[in-house]
Amino acid sequence: MEENGLKKMWQTYGSEKRFNYARIQDRLGKDYPTMRFRANEPIVMRGEFPTYIYFICSGVAVGIRDYEDGSEYDYFQLDKTNGSVGLLETLAQKEAIIATITCLTDVEVVRVPSATVYQWIMQDLELLRLSTNLLADDLYHRSGSDGFFYQLHGVDRLRYYLVQYYDSHLKTGEPLVEVQEFREKIGNKLGMSVRTVGRALKKLRESQEILSIDRKIYVGPKERQRLQQNLTRN
């Protein structure tokens, strides 16, 4: 009974979790400029004050996290469905952008002062609920996966990545999933050098945790099972 009551409350107050350009488009009018960034151009840099929020209208950007040892990795992707650069910092009342956001393609954004967006949220119950859903959903997923991911090193980090890649790219009737990412891209995502990725892939081939066919990497159901088993043991 109590379970049904909670589910009813979820339905009553909504479960939308995307705070994007479409959500604030009607408020904009002609007061806020459209800006264009070219591929590989940064939108914001880590450490900057979140003076503006950039709502992506078209194109794709990627968040890149840098570490003191000089390594970096791509750790999220933004487009018009979820692109609101600077929103997290504004809601969290933090004075520094947490990650450099760089354009993967040409990107068009609408730039709105963060103080204006914050006021919209605080004065609009629907936007406030949306922001709560967004932050809670992000925290839930990070608690379940990122905490575990950051404890992994070397080949185990690659195992975890390949299991997730297989699960998200598996198609009905096609038992093998081709890993189409380049080693450099995988390294950026995992905070590993290209050489380390190469060594880890060699080890996984030798232990039959991945398949190598015509110089391409594949993961099948048996390989996925071995990856998961070896990851769990360590």
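User: Rings of Phe, Tyr and Trp (for Trp, its six-membered ring) pair if their centres lie within 6.5 Å, and planes under 30 degrees apart count as stacked, over 60 as edge-to-face and the rest as tilted. How many aromatic pairs does a search of the whole structure find?

Analyst: This is a predicted model, in which local features need pLDDT of at least 70 and side-chain atom pairs count only at pLDDT 80 or more, while totals for chains, interfaces and linings use all residues. Residues are numbered from 1 along each chain as its sequence is written, and side-chain values use heavy atoms, with hydrogens and water left out. When the whole structure is searched, the number of aromatic pairs found is 5.

User: What kind of pair do the rings of Tyr161 and Tyr165 form?

Analyst: Tyr161 and Tyr165 have ring centres 5.9 Å apart. The planes of these two rings stand at 45°, so the pair is tilted.

User: Which helix holds both Tyr161 and Tyr165?

Analyst: Helices (H or I, at least four residues) and strands (E, at least two) are DSSP runs, numbered from the N terminus. Tyr161 and Tyr165 are 4 residues apart, about one turn of the helix, and the helix in which both lie is α6.

User: Which strands stand at the edges of the open sheet of 4 strands?

Analyst: Two strands pair if DSSP finds at least two bridges between them, and in this sheet the pairing is antiparallel, with the order β1-β8-β3-β6. Two of these strands have a single partner each, so one side of each is left without a neighbour in the sheet; they are β1 (34-37) and β6 (84-85).

User: Which residue in β6 does Phe55 stand opposite?

Analyst: Strand β3 (residues 52-58) runs antiparallel to β6, and 2 bridges join them. In β6, the residue opposite Phe55 is Ser84.

User: At about what angle to β3 does helix α2 run?

Analyst: Axes are lines fitted to C-alpha atoms, for helices over the stretch in contact, and angles run from 0 to 180 degrees between N-to-C directions. Helix α2 (residues 21-28) lies across β3 and β8 (107-113), and its angle to β3 is about 110°.

User: At about what angle to β8 does helix α4 run?

Analyst: Helix α4 (residues 114-123) packs on the sheet and touches both β3 and β8. Its direction makes with that of β8 an angle of about 75°.

User: How are α6 and α7 oriented to each other?

Analyst: Helix α6 (residues 154-169) packs with helix α7 (residues 183-190), their axes being 11 Å apart and at an angle of about 105°. Angles under 35 degrees count as roughly parallel, over 145 as roughly antiparallel, 65 to 115 as roughly perpendicular and the rest as oblique. The two helices α6 and α7 are therefore roughly perpendicular.

User: How many charged residues are in the contact of α6 with α7?

Analyst: Arg157, Leu158 and Tyr161 in α6 meet Ile186, Lys189 and Leu190 in α7. Ala, Val, Leu, Ile, Met, Phe, Trp, Tyr, Cys and Pro count as nonpolar, Asp, Glu, Lys and Arg as charged, and the others, Gly among them, as polar. The contact of α6 with α7 has 4 nonpolar residues and no polar ones, and its charged residues number 2.

User: How many nonpolar residues does the contact of α6 with α8 have?

Analyst: The axes of α6 and helix α8 (residues 194-206) come within 9 Å and cross at roughly 70°. The residues in this contact include Leu158 and Leu162 of α6 and Ala200 and Leu204 of α8. By class, there are no polar and 2 charged residues, and the nonpolar count is 7.

User: Which residue in β11 is the bridge partner of Leu211?

Analyst: A second open sheet, of 3 strands, has the order β9-β11-β10 with antiparallel pairing. Within this sheet, β10 and strand β11 (residues 216-219) pair over 3 bridges. The partner of Leu211 in β11 is Tyr218.

User: Which residue in the turn between β10 and β11 has a positive phi?

Analyst: β10 and β11 form a hairpin, with 2 residues between them. In the turn, the residue with a positive phi, of about 55°, is Asp214.

Terms used: Contact means heavy atoms within 4.5 Å.
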